[in-house]
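Please look over the protein chain shown below, and then read the notes on its overall make-up and on two of its residues.

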Amino acid sequence: MALDTSLGTTPAKASGTAPGTSPAGSGSPLPARRTAQRVADWRKRVEIAVLAGPAVIVFVTFVILPVALAAYYGFYKWQGYGPPTNFVGLQNYLIIFQDKAFQSVLLHNGFIVVMSLVLQGPIAIVLALLLNQKMRGRGLVRVLVFVPYVISEVIVGTGWSLMLQSNGAVNDLMQGIGLGGLRQDWLSNPDIAIWSLLAIISWKYIGFAVILFLAGLQSIPEELFEAAAIDGASYWQIQRRITLPLLGPTIRIWAFLSIIGSLQLFDLVYIIWGQYISSTAGTSTMATYMVANGRTSGNYGFGSAVAVVMFLISLAVALVYQHFVLRRDTAGAITERKH
């Protein structure tokens, strides 16, 4: 009797189905679940399309399409109106890389990239550390540091070009304080003009770096500083061993933005030095070279080729930087969905 009782199982258990379910063909909920999953997947796809669709359209219209058109016009000798008919192939690109003027502006851009990082980075970090301390008027000082960044490039370029002229305010100030021997031709002297440009760039964009670093400092827990101070670490040891390593991702992002901005520098150079004086003063960039040899010369095909070269250089630098520098910052943010 005991044996018969133990073998007496329910139909659900004997058939291998889970409790509370029925076998296939007898009202199983599996088809309903699959249908609900399909509906949920389609709903997610529709939401992604609705939310990302406008951004994709704008990106394709104002980024991808202009780059594609520039690449197309770069194979022609085109004056900017009518359909291009004078096909020259790779001639425009060969002229670009063989032109010593382009090699010169490429060196100028490289110099600006390196010196912007060297000059702006340390100064911005020091200012951010100072402005992160509790003191009177801290908010006002932060605003004053950030103000140059929000001023229009036209106003900045016009104002500095007036102050740095031979009879401008800078030379008058030096004469007034007894440093008349340091009066210089800040804009036309090829040995000084590039440093004047770097000073103007640093004055304008260092506020952005300071605000970015301040935001990074706010994300560092105060408990780390307190624990280090209790252990006897000095102020500079705390900054070197705690603050700077944890601020590393923010510094690397700022450096990436600075590099790309320096490669595409145009407005300040064009406003202060113009498209012709910049070449003789040693401050010309790839962008001013593009305008001078493209639009101004009436050869829009050549200018389009220069734009494509600028795009490819910036893209190559961005990919290399992301692979070797930003990879460790973004690797932890990418996770795989496990089912």
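A contact here means that heavy atoms lie within 4.5 Å of each other. This is a predicted model, in which local features need pLDDT of at least 70 and side-chain atom pairs count only at pLDDT 80 or more, while totals for chains, interfaces and linings use all residues. Residues are numbered from 1 along each chain as its sequence is written, and side-chain values use heavy atoms, with hydrogens and water left out.

**The chain as a whole**

- The chain holds 16 helices and zero strands, where helices (H or I, at least four residues) and strands (E, at least two) are DSSP runs numbered from the N terminus.
- Of the 339 residues in the chain, 32% are buried, a word that stands for under 20% relative accessible area with a 1.4 Å probe, counting protein chains only.

**Ser161**

- Ser161 lies in helix H7, which covers residues 153–163, and Ser161 counts as buried because its relative accessible area is 13%.
- When neighbours within four places in sequence are left aside, Ser161 is in contact with Leu187 and Ile272.

**Gln120**

- Gln120 belongs to helix H5, which covers residues 100–131, and Gln120 is buried, since its relative accessible area is 3%.
- Beyond its neighbours within four places in sequence, Gln120 is in contact with Met115, Ile201, Ser202, Tyr205, Ile206 and Trp254.

Definitions and conventions. Buried < 20%, exposed > 50% of the residue type's maximum accessible area, 1.4 Å probe, protein only.
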